[in-house]
Amino acid sequence: MACIKGVNRSSSVALAPDAPYMAAGTMAGAVDMSFSSSANLEIFKLDFQSDEPELPLVAEYPSSERFNRLSWGKTGANTEGFALGLIAGGLVDGNIDIWNPLSLIRSEKNENALVGHLVRHKGPVRGLEFNAITPNLLASGAEDGEICIWDLVNPSEPTHFPPLKGSGSASQGEVSFLSWNSKVQHILASTSYNGTTVVWDLKKQKPVISFADSVRRRCSVLQWHPDVATQLVVASDEDGSPSLRLWDMRNIMTPIKEFVGHTRGVIAMSWCPTDSSYLVTCGKDSRTICWDTVSGEIACELPAGTNWNFDVHWYPKIPGVISASSFDGKIGIYNIKGCHHYGVGENDYGASAVSLRAPKWYKRPAGVSFGFGGKLVSFQSKTSGSGSHLGPSEVYVHSLVTEDGLVSRSSEFEAAIQNGERSLLRVLCDKKSQESESEEDRETWGFLKVMFEDDGTARTKLLTHLGFNVPSEAKDTVDDLSQEVNAVGLEDTAVNNIGHAAVNEPASFSFDNGEDFFNNLPSPKAESPAAPTSVGNFVAEDTANGSEKIQDSVETDESSDPSFDDSVQRALVLGDYKGAVAQCISANKWADALVIAHVGNASLWESTRDQYLKMIRSPYLKIVSAMVSNDLLSLVNTRPLKFWKETLALLCSFAQRDEWTMLCDTLASKLMGAGNSLAATLCYICAGNIDKTVEIWSRSLSAENEGKSYVDLLQDLMEKTIVLALATGQKQFSASLCKLVEKYAEILASQGLLTTAMEYLKLLGSDQLSPELVVLKDRI
């Protein structure tokens, strides 16, 4: 509902600038329902909290004459006892009465309410206004065309400056309205019924600008622009050619804008003090229009009465509230929000953009918003001189860091990996391993450290890390093995000393008929050394000159199965190594079978060895079987998972480069199926399988962790992931890992670390990026 309060009076109105009061003076020429000829000055309280539609009357004072104009000014300097300012009334007889509204409201007899009586003009005083910047100055104008400036520092003894009267083009007839400039205190404008508008400079005591339109329409009212000091709007009350034109004093040749809408003369107007884009006017066509001065269109319109309004004002205390006095004998208080808005009717919703622009009083005086990149943007309006927040806004941009720990850790980590040197990354992994609180993290960083070892030593280092010490030189191992062989009498003799093939050349035996073997056997000696070291049928002896010789005499033990020995010997004499091996296997003499097979050809040796390895159940021979057959995958699939470290060590020692990743992946998959996530993670690290590794690590993000926040856990995960990516050089990642990197980059960006966030996104490459990642990269 547009009309929120009202009072039945036909009065000119003035609103208190700093208090919830309205002054009403009986309007000259208006007739009320009782046809009374009396005149009164009344003060009503604007009580919007009450449900009563009628405004309460708080003071009343009889007047000798009726009013043409009423003005309420602020408290001037050196005016004690005038807390509510002064009210000036321009009377029909040319006089001006000055009241103290505070005395009117407080005193029952109103003895001290009328504080001044200004006598100067002849005819009705229609031009009357207090200076808003210098409140003790009152300007007045009447029928004689003179402009008087009154000083009301002491209202009981007012003084006035020499009257201002124009001549020539600045000559005015009866002054219809005057207005002080809202920005420059010594500038005043007046207009008259002869169509001339004059701008006065009080410092120069003369007119500085005068103009009239080409038709010299009769001018009824003018108003200075609240924000632009050089612009004012002038209206005409001629019914045949009503006009409402905006002029700029820098160029008075033609108006800069004209507002077309009234069909009869305009008789009053008021410019909104809180939003200069709104101007309200009323005319003799019974229309009260609120204009959008920016577009020149009608923004809204007050409800029309049976008679026209003759006085309108904006209430300075509550934006959007208007008072309108009508010849219907009513003063209405309207809320512009409840008025008819053009362009948003039922049948043309949204047809006009004018009504969609929010008035300034709806705008927030302050606000704050989070921006991309860890920015916080805030704004607040500069306070005007009156304390209102309607001036230009000041915008501030703040850097907001909510995760200080993340910023410091991320910056430190970025500095550590910046150069990408393997030696520095090894140092980083070692440091992380020592700083880790959990055993799992220590083990993980230990494995990551091994990943940055040189290609030639990486597996050796991994073996050491797994707890298997590798001899420093392979030669030591060969020498030790030779000593063990010599200890049991299996020494190699030179061919030129013995005359038969070396042990490591078994192929020559396949062409021997056996006769040479027996013919070349050494003759037995008569006596043996005192205490030789003997094993089996052979005796090792060190001669004085260091050479090794075979014992001349060989003692033969009695066999427990002479027939078996004889049959094997017969097969050997005939060179039937395969038959000899078969007989030894049948007798479960596997050692004899293997030795004979080794003397025979290579295929016999391999088949005998394979039969033995299939039959044997010893765990270490299972390993030998896999090594011999080059079938490490079966070793991975069959070995118990509790020995996963030994299995991984075997892969380090014997797996080829092209099968290493597959074998480690298989071992990790079996460990994961058995629920050993840590071991599986370490094997996936060895395989360089980032996607599977991160998939396991990611489970810690959703798990309950009392010691660390989600951001800390995500930082831990990303540090390990990036180090693993640098170790493997991998550029293609799974969608789940890309999502994690996206989430982490978003958090970094929200803390202002845009460069760091971009570096992480670059690790993913540019191929097959998700739309979200593309958008994030573009924003950064």
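Predicted model: local features only at pLDDT ≥ 70, side-chain atom pairs only at ≥ 80, totals over all residues.

Visitor: What does strand 4 have on the side of strand 3?

Guide: Strand 3, which covers residues 21-26, pairs with strand 4 in the antiparallel sense, again over five bridges. A24 in strand 3 is in turn the bridge partner of V13, and strand 2 and strand 3 pair in the antiparallel sense over five bridges.

Visitor: What do these strands form when they are taken together?

Guide: They form an open sheet of four strands in the order 2-3-4-5, with antiparallel pairing. Strands of a sheet pair through backbone hydrogen bonds, either parallel or antiparallel.

Visitor: Why are strand 2 and strand 5 called edge strands?

Guide: Strand 2, at 11-15, and strand 5 each pair on one side only, and that is what the name edge strand expresses. From one strand to the next, the twist averages 20°.

Visitor: How do you know that strand 4 is mostly covered?

Guide: A residue counts as buried when its relative accessible area is under 20%, and five of the six residues in strand 4, which covers residues 40-45, are buried. For the protein chain, buried residues make up 44% of the 780 residues.

Visitor: Why is S286 called partly exposed rather than buried?

Guide: The relative accessibility of S286 is 21%, and because buried means under 20% and exposed means over 50%, a value in between counts as partly exposed. S286 is found in the loop between strand 23 and strand 24, and it has a positive phi of about 65° although it is not a glycine.

Visitor: What makes Q205 partly exposed?

Guide: Q205 has a relative accessible area of 36%, which also falls between the limits of 20% and 50%, so the term partly exposed applies. Q205 lies in the loop between strand 16 and strand 17, and its phi is positive, at about 60°, although Q205 is not a glycine.

Visitor: Why are helix 3 and helix 20 called roughly antiparallel?

Guide: Helix 3, residues 422-435, and helix 20, residues 710-728, pack at an angle of about 150°, with their axes 12 Å apart. Angles over 145 degrees count as roughly antiparallel, and the two helices are therefore described in that way. Helix 3 passes helix 20 in a left-handed crossing.

Visitor: Which residues meet where helix 3 and helix 20 are in contact?

Guide: From helix 3, R422, L425, L428, C429 and K432 meet E719, V723, L726 and A727 of helix 20. The residues of this contact divide into six nonpolar, no polar and three charged.

Note on methods: Residues numbered from 1 in each chain as written. Heavy atoms only, no water. Axes fitted to C-alpha atoms, helices over the stretch in contact; angles between N-to-C directions. Parallel < 35°, antiparallel > 145°, perpendicular 65-115°, else oblique. Left-handed = near helix turned anticlockwise from the far one by under 90°. Contact = heavy atoms within 4.5 Å. Nonpolar A, V, L, I, M, F, W, Y, C, P; charged D, E, K, R; others polar. Buried < 20%, exposed > 50% of the residue type's maximum accessible area, 1.4 Å probe, protein only. Pairing = 2+ DSSP bridges.
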